[in-house]
Amino acid sequence: KCYNIIMVKKHKKREYIFYYTCLLFGLSAIWLFVDHIVKFSYPDYFYEANPGIKKYAGINVVSAWADFSYFTYHTILLFAFWTIGLFVGFVSGNERIEGFFKHQALVVFVLSNYIVTTLLSTVFELTSGNPTFGLYARTTKALHNFGTNILGHYVFCAFTIVAAFLVDTKNQLHKKHIIAFLLYLLIYYVIVKLTGLYAYEIEWYPYPIFDGELLWNMFRLPSYTMWKGICLLIGMDIFIAVAYVALLIGVKKILLFSKKENKFSKSS
């Protein structure tokens, strides 16, 4: 009996540590996003170096609000929403709140998005020809940029993976959830495309996948025409959708294959 009491106390202590850590990470994610927006400055150097430029995809050279176009920041904000929600569900003891943030569909969604974000960011960095991971110079600003880059991509991703396996998930991911996530991607794509076309001084996108010509040039294909670009764009979008669904299903199966008894289950 004494042994059981001791184990329960240790279990409660681990619960508190885990959920307060979730809160800390969630607040850190919000700070990172706000900090990045607040510190945006219009890059005159970019336009001076590229006179007459009409279309561009890559770093944000148009507006602080354009950060909302990056899938990375969607992932960071979703991560903040999820981790803070886990904390609120724990401290409130509300089963509906706790059930929502521990729903397998939400856990799979957050983890899958972070896998996509971190994997693609790493690939683009390593294939850029000059990988710096944000440490572009030996200055305080560059060190800050490097630190937030590592935090936002790798530290948060690592915590998402750990938390996804520790959380005692409720219910299951179904087809309706996958459809909802694909609808989210579609809405995201359409909004970024429209804002890229009409909201800024130049036509700007966070990634080449929003424009046929930019995507064509990224692959260094010869003899570009508008219709070739459109076909390439449609093919890429279909590939992304199929790969995303496969990732969601794969993450779900991995989580199901993991330990059934959660370390932080209140019933243990």
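A nonpolar core is a set of buried Ala, Val, Leu, Ile, Met, Phe, Trp, Tyr and Cys residues joined through side-chain atoms within 4.5 Å. In this predicted model, the largest such core holds 63 residues, of which Phe 18, Val 62, Trp 82 and Trp 204 touch the most other members. The element that gives the most to this core is helix α3, residues 71-92, with ten residues. Around Val 62, once its neighbours within four places in sequence are left aside, the contacts are Phe 40, Tyr 42, Tyr 47, Tyr 200, Ile 202 and Trp 204.

From the core we can turn to the charged residues. Side chains of opposite charge can pair when their charged atoms come close, and the structure holds six salt bridges. One of them joins Asp 211 and Lys 55 at 3.2 Å, N to O. Because Asp 211 lies in the loop between β2 (203-205) and α8 (212-218), while Lys 55 belongs to strand β1 (residues 55-57), this pair ties together parts that are 156 residues apart in sequence. Asp 211 is buried, at 7% relative accessibility, whereas Lys 55 is partly exposed at 24%. Both residues also belong to a network of salt bridges that links them with Lys 193 and Glu 213.

Lys 39 and Asp 35 meet through their side chains at 3.3 Å, N to O; here Lys 39 counts as exposed, since its relative accessibility of 51% is set against a limit of over 50%, while Asp 35, at 13%, counts as buried. In the salt bridge between Asp 168 and Lys 170, the N to O distance is 3.6 Å, with Asp 168 buried at 19% relative accessible area and Lys 170 partly exposed at 31%.

Conventions: Residues numbered from 1 in each chain as written. Predicted model: local features only at pLDDT ≥ 70, side-chain atom pairs only at ≥ 80, totals over all residues. Heavy atoms only, no water. Buried < 20%, exposed > 50% of the residue type's maximum accessible area, 1.4 Å probe, protein only. Helix = DSSP H or I, 4+ residues; strand = E, 2+ residues; numbered from the N terminus. Contact = heavy atoms within 4.5 Å. Salt bridge = Lys/Arg side-chain N within 4 Å of Asp/Glu carboxyl O.
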